Amino acid sequence: IDIHQWTEEFIMTNGEDGQIIFYDHGSGEIADYVQIEADSKTISYYHCKKAKKDRASGARLSSIRDVVEQVLRSVSWIADSRLPSEMVRRASETENSHFVVNEEPFQQVKSGFTPMEWEFRVVIVHPGINHTDARESENINTVLLTCLEWLESAGATLQIIGDPDDQVVSN
């Protein structure tokens with residue numbers, strides 16, 4: 001299954017009723033998916049990377065480098081009042097960006113958006129990461145802890161969806 005398709009299905013089944021899902025894949029993206037849960041005032045940024053078909057999941061630095069760089073570039077959108085306007089701009093000006101569900105309720109969120117009222121979460125989705133192996137790897141831990149510290153200083157939490165056993169680990 002395509003990693004974006006899997007992530008979209010995961011978000012759809014694990015979010016609150018009425019959630020807003022925005023797909024933004026391409027150059028200059030905010031994140032592959034932005035999930036807005038208005039009832040709980042939570043915005044989640046999902047960054048996806050596919051695993052190589054011929055390699056078992058594990059703890060290879062090369063497997064997470066790209067996705068961590070993507071996460072760090074999105075730090076600027078955490079608690080940024082321009083987020084809703086940027087989503088609208090990207091939906092109208094870029095080929096691969098669009099609302100997956102609930103574009104109409106987004107207008108209400110957009111009109112009253114005050115970032116300090118929201119919780120922010122960044123989710124790495126990478127089936128090539130095996131949680132057990134990653135915990136035992138000093139290099140992987142260093143990279144992920146650095147990423148976590150950047151996110152926490154920006155006011156966000158970190159989640160990782162890794163190996164094929166569908167484990168979810170929060171900080």
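Let's begin with one residue. Serine 44 is buried, and its relative accessible area is 0%. Keep in mind that this is a predicted model. Where does serine 44 lie? It is part of strand β3, residues 42-48. What does serine 44 touch, once we skip residues up to four places away in sequence? The list is Tyr33, Val34, Gln35 and Arg121. Take tyrosine 33 from that list. Serine 44 and tyrosine 33 are 11 residues apart in sequence, and their C-alpha atoms are 8.0 Å apart in space.

Lysine 41 sits between β2, residues 33-37, and β3. Its phi is positive, about 55°, although lysine 41 is not a glycine. Why mention that? Most residues other than glycine have a negative phi. Is lysine 41 buried or partly exposed? Lysine 41 counts as partly exposed, because its relative accessibility is 29%.

There is another case to look at. Asparagine 102 also has a positive phi, near 65°, and it is a residue other than glycine. Find asparagine 102 in the loop between β4, residues 97-101, and α4, residues 103-111. At 32% relative accessibility, asparagine 102 counts as partly exposed.

Proline 105 lies in α4. Proline 105 is partly exposed too, with a relative accessibility of 35%.

Next, the core. In soluble globular proteins, nonpolar side chains tend to be buried together. Here, the largest nonpolar core has 35 residues. Which of them touch the most other members? They are Val34, Ile36, Ile43, Tyr45, Met87 and Leu151. Helix α6 gives the most to this core, with 5 residues. A second, separate core has 11 residues, including Ile3, Ile21, Tyr46 and Val125.

Pick out methionine 87. Leave aside its neighbours within four places in sequence. Methionine 87 is then in contact with Phe22, Ile30, Val34, Ile36, Phe99 and Phe106.

Back to α6, and its partner α2. Helix α2 covers residues 61-73, and helix α6 covers residues 138-154. Their axes come within 11 Å and cross at roughly 10°. The two helices are therefore roughly parallel. Which residues make the contact? From α2, they are Leu61, Ile64, Val68, Val71 and Leu72. From α6, they are Asn139, Ile140, Val143, Leu144, Cys147, Trp150 and Leu151. Sort the contact residues by type, and you get 11 nonpolar, 1 polar and no charged.

One name there leads to our last topic. How many disulfides does the structure hold? The count is 0. Cysteine 48 is in no disulfide, and the nearest cysteine sulfur to it belongs to cysteine 147. For scale, a pair counts as a disulfide when the sulfur atoms are within 2.5 Å. Are these cysteines buried or exposed? Cysteine 48 is buried, with a relative accessible area of 4%. Cysteine 147 counts as buried as well, at 1%.

That's my tour. Over to you.

Technical notes
Residues are numbered from 1 along each chain as its sequence is written. This is a predicted model: local features need pLDDT of at least 70, side-chain atom pairs count only at pLDDT 80 or more; totals for chains, interfaces and linings use all residues. Side-chain values use heavy atoms; hydrogens and water are left out. Axes are lines fitted to C-alpha atoms, for helices over the stretch in contact, and angles run from 0 to 180 degrees between N-to-C directions. Helices (H or I, at least four residues) and strands (E, at least two) are DSSP runs, numbered from the N terminus. Angles under 35 degrees count as roughly parallel, over 145 as roughly antiparallel, 65 to 115 as roughly perpendicular and the rest as oblique. Contact means heavy atoms within 4.5 Å. Ala, Val, Leu, Ile, Met, Phe, Trp, Tyr, Cys and Pro count as nonpolar, Asp, Glu, Lys and Arg as charged, and the others, Gly among them, as polar. A nonpolar core is a set of buried Ala, Val, Leu, Ile, Met, Phe, Trp, Tyr and Cys residues joined through side-chain atoms within 4.5 Å. Buried means under 20% relative accessible area, exposed over 50%, partly exposed in between (1.4 Å probe, protein chains only).
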